Amino acid sequence: MEKAAIKEVQGLSYPNMTANLSSGDLVSESGCFHGDSVAIKVARILPYCLIIIVSLIGNSMVIAVVRKNKRMRTTVNFYIVNMAVADLMITLYMPRMFTMAMFGFEWVVDGTAGLVFCKLSILLNQTPMIVSIFTVVAISFDRFNAVVFPLRTFVSARLCKIVIACMWLLALAFRIPSVYAVRTMIGQDGKLYCNLLLDDTFGEVAKKVYYHFNMIAIFSIPLLTIMILYTAIIVTLKRRKAPGLTPENSSNNSEGFRRREVVKKKVLRLVSIVVIAFVLCWFLYYVRLSMYAYGHDLPCDWLHVRLVLAHFNSALNPCLYAVFSENYRRGFKKIVVRFYCRRKRSSSQSGDSLGSLRRRQPAWDSNGSISIRIEKEIQKISSL
């Protein structure tokens, strides 16, 4: 199927370009999904309907919980909020999967607007992805410091915000070459494609260097760092002995130490699961990048699976917080209950209060203050 797809796009014409394109930069996946039946197209779209809804609601609630609860404004929760923001940005890209399921990798918007959207798709999908990876590493460092150096604070809340800002700036810097090199191009079949033309923009070996850099610097090194940090955490926890219940160490300080250790282990369990889920969901995505650098590619069905797994992580994270974190679970419940009660109270009280207000109007004085008092009552009702 890969060879047939490459043959299908031979002889492409590229507007506003004079360089000869190498065969490695052709749209090798352009033949995917075109021949799928309606049932298969619907089957590809349905998971994304659920992923988008859960991701939008879940990540928005994660941000709201930390924003409303001052006690949760810790470094690890700031990193979790940063991941939620990145997941929301990735979710904004997901409607592209609908057009991909229906029309394959064909780009449905042409002209200048099509080129702009082509470049924006790189930023919306890949920049937050890099930020998520950096955030996972930062979370691992945070847990490493909390467990190995429990009495020292290396990253304050203010420094944490600076680190998060640097993550976004660095991720944007990593994606500038791809944004510059991406083009819209028309194939022999008359269809438009959005493709990354690295060799034709920067030189003959640019594509291999770029994809290897992504695989090594943005996935392999962070993954190795995470494994080293969590290995150190596990070794430290096994060596550390909890204080016994002897007269010498049965004081309040010892009890407080045990409580802090329990909290740290619960947080460690949560972030460990989040890290494992992230690696599993994005692993196939980066394996494909490494294969693509050498001119190989996955079958069409696996190309779709890799995207579903990667995007599924955006919806999975808030679900993990709800399952494994009591604070987030309690915060989610409060938001849902508050939203339900506010809607119920506003719908019932607005009608009853405004009706009784109108019935009381004749009993008020008629020296010009009636309208003022009515306005004040309406403002009170609307503020509930």
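This briefing describes the fold, the disulfide, the salt bridges and a charged surface patch of one protein. The model is predicted, so local features need pLDDT of at least 70 and side-chain atom pairs count only at pLDDT 80 or more, while totals for chains, interfaces and linings use all residues. Residues are numbered from 1 along each chain as its sequence is written, and side-chain values use heavy atoms, with hydrogens and water left out.

**Fold**
- The protein has 12 helices and two strands, where helices (H or I, at least four residues) and strands (E, at least two) are DSSP runs numbered from the N terminus.
- Along the sequence the pattern reads α-α-α-α-α-α-β-β-α-α-α-α-α-α.
- Of the 384 residues, 42% count as buried; buried means under 20% relative accessible area, exposed means over 50%, and partly exposed lies in between (1.4 Å probe, protein chains only).

**Disulfide**
- The count comes to one disulfide, a term for a pair of cysteine sulfur atoms within 2.5 Å.
- Cys 118 and Cys 194 form this disulfide, with their sulfur atoms 1.8 Å apart.
- The pair links distant parts of the chain, since Cys 118 lies in helix 5 (residues 111-148) and Cys 194 in strand 2 (residues 192-196), 76 residues apart.
- The torsion about the S-S bond of Cys 118 and Cys 194 is about 80°, so the disulfide is right-handed.
- Cys 118 is buried, because its relative accessible area is 0%.

**Salt bridges**
- Side chains of opposite charge can pair when their charged atoms come close.
- The whole structure holds four salt bridges, each defined as a side-chain nitrogen of Lys or Arg within 4 Å of a carboxyl oxygen of Asp or Glu.
- Arg 44 meets Asp 36 in a salt bridge (3.2 Å, N to O) and Asp 301 in another (3.0 Å, N to O).
- Arg 44 in helix 2 and Asp 301 in helix 10 (residues 300-324) are 257 residues apart.
- Arg 44 counts as buried, because its relative accessibility is 9%.
- Arg 330 forms a salt bridge with Glu 326, their closest N and O atoms being 2.8 Å apart.
- Arg 330 and Glu 326 are four residues apart in helix 11, so about one helical turn separates them.

**Positive surface patch**
- Arg 67, Lys 68, Lys 70, Arg 73, Lys 161, Lys 334, Arg 338, Arg 342 and Arg 345 form a positive patch, in which residues with over 30% relative accessible area and no salt bridge are joined when like charges lie within 9 Å.
- Helix 2 (38-68) and helix 11 (326-360) each give two or more residues to the patch, and helix 11 supplies the largest share, four residues.
- Lys 161 lies in helix 6 (residues 157-181) and counts as exposed, because its relative accessibility is 52%.

Key: Patches are made of residues with over 30% relative accessible area and no salt bridge: like charges are joined within 9 Å, nonpolar side chains (Val, Leu, Ile, Met, Phe, Trp, Tyr) within 5 Å. Accessible areas come from the Shrake-Rupley method with a 1.4 Å probe; for residues, only the protein chains shown count as cover. Lys and Arg count as positive and Asp and Glu as negative; His and the chain ends are not counted. The place of a charge is taken as NZ of Lys, CZ of Arg, CG of Asp or CD of Glu.
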